[in-house]
Amino acid sequence: MTEQAAMVPETFLRAAVAASDGVTRRRKRRPRGPGDQIRVREMLSYLAAALPSHTGAGARLLAVQCALRMDSQGRVRLSTGILRSLRLGRDPLPWSELEQARWLRRAPTPPGSASKVVAAQILDEMLFAPARPDRRSAADWALRMAKGGCAGTDDPLVRLTALCLAAHTDPSAGRGCAETDRIARECGLVPAALYPVLDRMAASLASWSVALASGDLCWELLSKGGQRQQAVGRSGGGVRPEG
């Protein structure tokens, strides 16, 4: 939702300054948008609402990359390198799921690039916005986070869960807390199906638990060296909610 406030175009502000002092000023550098983590968190939340609940984890990982890498007309081209990083390769199922959801449609492959890129057209005009370098930076961040702690697994659900947790983690503390329903929804799961996935993430999670009173999921990540990010934190690992 947008607040009831008018945005003053930057060009108008520049003209006003130039008119007031008679000096032609160099074009100001556009301010950066939200940070990578925030952009990805917002995108995961959007996709949780925009895609059918049964949409698979592979399709959701793919949708994150498409949404962050598309141009202002909703066109996107994903290289085979990106698809390999997603561990999707030439799997047609994620693309088919997004097409069945009427979220995108695959476009004819550009001439001369049949083996290098897959092109598509995003159908949700709500996403259309000027392409910005920081959006592509967020897409690269999402690729890295989806691989964090998931070495050796091609399971897209584990990789999507790793991305969701990273997007909701305090980077300075290595810990996070969010509504269990929200994390499950962003993964395309019900909460009960999320818990076994968290148990499988021993390579990246020092601990996780669910507060029965609030329903909040809290977790602590391991650092790259396999240690807790901070000495002080929740004890135990894979703590399931009781009841």
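**Contacts, strands and loops in a predicted model**

Residue K116 touches L78, S79 and T80, where residues up to four places away in sequence are not counted and a contact means heavy atoms within 4.5 Å. The structure is a predicted model, in which local features need pLDDT of at least 70 and side-chain atom pairs count only at pLDDT 80 or more, while totals for chains, interfaces and linings use all residues. Residues are numbered from 1 along each chain as its sequence is written, and side-chain values use heavy atoms, with hydrogens and water left out.

K116 itself belongs to the loop between β2 and β3 (117-122). Its C-alpha atom is separated by 8.1 Å from that of G81, and the two residues are 35 positions apart along the chain. K116 counts as exposed because its relative accessibility is 54%; exposed means over 50% relative accessible area, buried under 20%, and partly exposed in between (1.4 Å probe, protein chains only).

For the protein as a whole, the secondary structure comes to nine helices and seven strands. These elements are DSSP runs numbered from the N terminus, helices being H or I of at least four residues and strands E of at least two. Of the 243 residues, 40% count as buried. Among contacts with a separation of 6 or more, 62% come from residues 24 or more positions apart. The accessible surface is about 13,800 Å², and carbon and sulfur atoms account for 54% of this area; the areas come from the Shrake-Rupley method with a 1.4 Å probe, and for residues only the protein chains shown count as cover.

Strand β7 (residues 216-221) is largely enclosed by the rest of the structure, because five of its six residues are buried. It is joined by five bridges to the antiparallel strand β5 (residues 175-179); two strands pair if DSSP finds at least two bridges between them. In this pairing, C177 stands opposite C218 of β7. Strand β6 (residues 205-210) also runs antiparallel to β7, again with five bridges, and W208 has W219 in β7 as its bridge partner. β6 and β7 form a hairpin with five residues between them, and G215 in the turn has a positive phi of about 80°.

Positive phi values also occur at two arginines. R87, although not a glycine, has a positive phi of about 60° and is found in the loop between α4 (80-85) and α5 (93-100). R87 counts as partly exposed because its relative accessibility is 35%. R102 likewise has a positive phi, near 60°, and lies in the loop between α5 and β2 (104-106). With a relative accessible area of 71%, R102 is exposed.
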